[in-house]
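Open the model in your viewer and keep the selection panel at hand. The stops below go from single elements to chains and then to the contacts between chains.

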Amino acid sequence: MIHGEVSEFGIILLFLIGGIFFVAFGLLTARLIRPKRPNIEKLTTYESGEDPLGTAWSQFNTRFYIIALVFILFEVELVFLFPWATVYADQELMELTGGKWGMIALVEMVAFVIILALGLVYLWVKGFLNWERPMPTGKQYYSPIPKIAYSKFIKRRK
Amino acid sequence: MSDMITIAFYLFAGLSIISGIFMIFTKNILYAAFALMFCFLSLAGIYVLLGADFVAITQLLVYVGGVLVLLIFGVMLTVRVEGKSLQTGSHLKWGGALIGILWIGILVQLILQVDWTAVMTDQPIEASVNSIGKLLLSKYVIVFELAGLLLLIGLVGAAYIAGAKIRTK
Amino acid sequence: MTFLFYLPLILVYAVFAIYAERKIAAFIQDRLGPMEVGRYGLLQTVADLLKLLQKEDIIPAAADRFMFRVAPFLIFVSIFVGFSVLPVSASMAGSGASTGLYFLLAFVSLDVLGMLFAGWGSNNKYALYGAMRSVAQIVSYEIPLSLSVLSVIVLSQSLDLQEISFQQSIWSDQKSYLLGISALGEVSSWGGFFTWNIIRLPILVPVFVIYFIASLAESNRAPFDLAEAESELIGGFHTEYSGFRWALIMLAEYGMMLLVSILAAILFLGSWNSPLPNIGTVKLAEWTNGSIGTWTSYAWGSFWLLSKAFLLIFVQMWVRWTYPRLRVDQLMNLCWKYLTPAALLLLLLSAVWVLSWV
């Protein structure tokens, strides 16, 4: 029934509007009771106490883009998987096909998933999933305390 | 009930049109993305009113949660000028407006000519997820597997193009 | 109906969860935690809340004011709408949309946009880096999360959370087998934990682990909190926020914890059903579930559901104060190279298992 389904979404709409009203109401109350005494120091961008240099709006790493791309393709796969999961072991169809329906649905889906898993394998092998690992750089630190002192200390604590 | 649906429809339709117009005319790309989100959301609302809840949620999942994020990432990737909020100018304003108005004219003309009562049906719409699932696995199974293949090609291609940048670094 | 239940619940819960978080942290680190306000510091969060309401709201001069203001709305509302499809008890369902679970997953992912707008609007380097990181993280972990949810749907054949709850109850007409093996006999009438999804189909145990890890990442909790790593990014995308706007973002984060925990309880741990089984004539399951339509079922249902959720939230906090933060490359590796393939495999395995019953 179309009407029943739509009224169920009405409840969701109620949550949406209710949430917006709650936020607006809260902000309004806060606005009424809070002080407003801005000055230049307060309004500068926070950068751990330094004066900010330039703005934050600058170019970003390509990897973020690739992650979003991979995500969308998997998301589309999920879109197909959801209807599959709801009808996969459907009692009625099972009886109609003499129990073959589940097998067919499974095989079809395995084929679909494997095709997309190939995509993941491709990205993996080509190294798109590797993020740059931070490597220790700079000079090696030489401690004036010999290493043996540490092991002695640890031994003593035990 | 049907009155409420009509009201909701006009609400969503108005919202989608307003946000669409805002999206076109704003100069800040992030504002455009924001307007696009509202446009998608209200379109999803219209889908729900039409009884296509699965399509509506897919719209949310793929377009709002996915494509829009990709878009914003893409925009941030291509910031050329440091330190300026993202701005775009509009080009070919008059040509675009002319084509747009012409197209709306043709559309309105056609809408007025068609006898809509003949096209409309009163068939009940069943729960959409289940029927989509059944059709996907039986009638449209080849299309379905081909869609998987297409997704794979899209993934590989997109990664290849985007990866050219990483490799040269 | 559930609207009137969940909005106050989130507020009250957030107050106590923040207190609990601080006390648990203190306990794990061998400290006392808040002790000053009220007995054992019980009123500390209330005091904090009052302070937050009165705090000056600072919008940095360099920020994009519109984006900065609109982002908390988006973050809070998208999480709050997620609650609309959750049931509370046998007699109190949320929205009965037949695509409820799918809707929840789709709508909650909207808060990603809120974070991006918050980060961008702040025009702060920490905020923008934090936002980019959290978006990349949330978006990535949505895949294993959805795949593990799908493993449950394979069993339940439904996207309606109330129906999934009923399937795990003593009123279910679905057959449940002991430990998911049909040869061991049917346990549908036993109820209790025997009909929980995770026991009905034991392969859901690793699935549940994947779900839990992914849900930690989704709610930006440690060890996946690199987005707001205090020691490197100050506060992540909410660095510039103050006063009530900041409180909203915090509320959304705690709301997300509650949401994923309730969802986990519904999907895996028997929803609003009592864990006690019927043993012969001792009908523990029937006594501790109440009868549908009366106040007993409201009370028992919400009690069981919330206690399961709170237990999971406790584990989330425990994990937070036990494990160190992951690095970005470890985070992405874990998601794409371990969780996603594992979740795919488990999905297929649980499909085969369900098929073996028929």
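A residue is called buried if 20 or more other C-beta atoms lie within 10 Å of its own, exposed if 12 or fewer, and partly exposed in between, with C-beta atoms placed from the backbone. Helices (H or I, at least four residues) and strands (E, at least two) are DSSP runs, numbered from the N terminus.

This is a predicted model, in which local features need pLDDT of at least 70 and side-chain atom pairs count only at pLDDT 80 or more, while totals for chains, interfaces and linings use all residues. Residues are numbered from 1 along each chain as its sequence is written, and chains are lettered from A and ligands numbered from 1 in the order in which they are written.

**Stop 1: helix 6 of chain B**

Select residues 128-137 of chain B. Because 7 of the 10 residues of this helix 6 are buried, the helix is largely enclosed by the rest of the structure. To see which ones, show Ser128(B), Val129(B), Ile132(B), Gly133(B), Lys134(B), Leu136(B) and Leu137(B), the buried residues of helix 6 of chain B.

Now widen the selection to all of chain B. Chain B holds 7 helices and 0 strands, and the order from the N terminus on is α-α-α-α-α-α-α. Of its 169 residues, 28% count as buried. Two residues are in contact if their C-beta atoms, placed from the backbone, lie within 7 Å. Taking the contacts in chain B between residues at least 6 apart in sequence, 54% join residues at least 24 apart.

**Stop 2: chain C**

Select chain C, which has 14 helices and 2 strands. Buried residues account for 57% of the 358 residues of chain C. Of the contacts in chain C between residues at least 6 apart in sequence, 75% join residues at least 24 apart. Colour the chain by pLDDT, the predictor's confidence in each residue from 0 to 100. The mean pLDDT of chain C is 81, and 90% of its residues reach 70 or more. For the complex, the predictor gives an ipTM of 0.79 and a pTM of 0.86.

**Stop 3: a helix pair inside chain C**

Two packed helices are described by the angle between their axes and the distance between the axes. Axes here are lines fitted to C-alpha atoms, for helices over the stretch in contact, and angles run from 0 to 180 degrees between N-to-C directions. Select helix 3 (residues 65-82) and helix 11 (residues 243-267) of chain C: their axes come within 9 Å and cross at roughly 25°. That makes helix 3 of chain C roughly parallel to helix 11 of chain C. Angles under 35 degrees count as roughly parallel, over 145 as roughly antiparallel, 65 to 115 as roughly perpendicular and the rest as oblique.

The crossing of helix 3 and helix 11 of chain C is left-handed, a term used if the near helix is turned anticlockwise from the far one by less than a right angle, with right-handed for clockwise. Show side chains at the contact: helix 3 of chain C brings residues including Ile75(C), Phe76(C) and Ile79(C), and helix 11 of chain C brings residues including Leu248(C), Ala252(C) and Leu259(C). The residues of this contact between helix 3 and helix 11 of chain C divide into 11 nonpolar, 2 polar and 1 charged. Ala, Val, Leu, Ile, Met, Phe, Trp, Tyr, Cys and Pro count as nonpolar, Asp, Glu, Lys and Arg as charged, and the others, Gly among them, as polar.

**Stop 4: chain A against chain C**

Select chain A, with 6 helices and 0 strands. Buried residues make up 32% of the 158 residues in chain A.

Among the residues in contact are Phe71(A), Phe74(A) and Leu78(A) of helix 3 of chain A and Val139(C), Ile143(C) and Leu150(C) of helix 6 of chain C. The contact of helix 3 of chain A with helix 6 of chain C has 15 nonpolar, 3 polar and no charged residues.

**Stop 5: chain C against chain B**

Last, show chains B and C: 19 residues of chain C are in contact with 16 residues of chain B. Helix 5 of chain C supplies the largest share of the side of chain C that touches chain B, 5 residues. That side of chain C divides into 15 nonpolar, 3 polar and 1 charged.
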